[in-house]
Amino acid sequence: MHTLVLHTPKGGSGKSTIARELAVAAAASAGMQVAMADLDPQGTTTGWYQRREATAPVLVKLDPVRRAEALAEAGVGLLVVDTPPGQPAFIRDLLGWADVVLVPVRPTPDDLLAAAPIAASLASHSRWAFVLSQVPPRTRLLASALRQLAALGRVAPAQFTFRADFPAASISGQAAVEFTGKAAEEGAELWRYVQSILRGPDADTPQGKPGRSHGAKGRSGTGSGAGRAR
Ligand SMILES: Nc1ncnc2c1ncn2[C@@H]1O[C@H](COP(=O)(O)OP(=O)(O)O)[C@@H](O)[C@H]1O
Ligand SMILES: [Mg+2]
């Protein structure tokens with residue numbers, strides 16, 4: 001079983017949105033059993049799940065301090081963990097055993113200010129990346145955000161634009177990837193990126209130099225998707 005954690009102390013960055021898009025995309029692919037855990041007392045993912053009719057992914061309870069071996073034994077192939085804002089004590093343990101950590105960042109000065117301490121806290125983790133989130137169309141904020149993030153760590157070569165389709169899908173406990181359109185494509189593209197990290201040749205080696213981008217061969221910010229000014 002692989003564990004994917006969405007983490008950033010910044011509230012409203014897109015953790016819950018990206019968590020459910022990826023979990024639903026994963027559940028639809030390759031017949032894998034996917035579980036989600038909601039560690040945020042605000043219960044965003046739990047509320048979404050209660051509105052959902054489909055049974056996959058499943059929502060499970062998780063002790064974030066321990067590896068979820070029982071889930072692996074029960075046949076779960078991927079566990080997607082949605083975390084609260086802030087830096088609760090359990091985050092350190094959780095990040096310690098997560099296979100992949102994605103850090104959503106909006107391309108704003110406020111989110112970028114928080115990016116350096118997050119990168120520092122993940123320095124010893126082998127597989128983590130920033131994901132640009134809620135990117136406004138045709139914004140000049142994007143190029144500078146990509147530059148700043150690439151100097152701190154990997155940047156996913158797939159990003160989430162600000163699109164009403166993401167919250168609209170959640171009304172009925174669904175994800176945009178269950179529909180067609182650009183939001184669905186973005187969700188699918190990010191899921192392909194996560195798969196590439198999990199399968200990647202450097203998957204079990206320490207993280208490369210800051211600025212390297214998974215799947216973009218060191219051209220962080222210029223790979224497929226990342227850095228595209230929209
Ligand atoms: N790409 C996006 N486009 C439009 N709205 C978004 C997008 N991502 C998130 N949102 C909305 O922004 C708000 C915060 O997102 P959320 O995923 O809950 O962030 P977090 O979990 O980090 O607090 C929610 O109302 C969500 O519906
Ligand atoms: Mg949330």
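Helices (H or I, at least four residues) and strands (E, at least two) are DSSP runs numbered from the N terminus. This is a predicted model, in which local features need pLDDT of at least 70 and side-chain atom pairs count only at pLDDT 80 or more, while totals for chains, interfaces and linings use all residues. Residues are numbered from 1 along each chain as its sequence is written, and chains are lettered from A and ligands numbered from 1 in the order in which they are written.

The residues of helix 5 that are covered in this way are Asp111, Ala115 and Ile118; buried stands for 20 or more other C-beta atoms within 10 Å of a residue's own, exposed for 12 or fewer, and partly exposed for values in between, with C-beta atoms placed from the backbone. Ala115 is also where helix 5, spanning residues 109–121, bends by about 30°, the angle between axes fitted to the seven residues ending there and the seven starting there.

Most residues other than glycine have a negative phi, and most peptide bonds are trans. The bond from Ala56 to Pro57, however, is cis, with omega near -5°, and Pro57 sits in the loop between helix 2 (44–51) and strand 3 (58–60).

The loop between strand 6 and helix 6 holds Gln134, whose phi is near 55°, and also Arg138, with a positive phi of about 50°. Gln134 counts as buried because it has 20 C-beta neighbours inside 10 Å, whereas Arg138 counts as exposed because it has 8.
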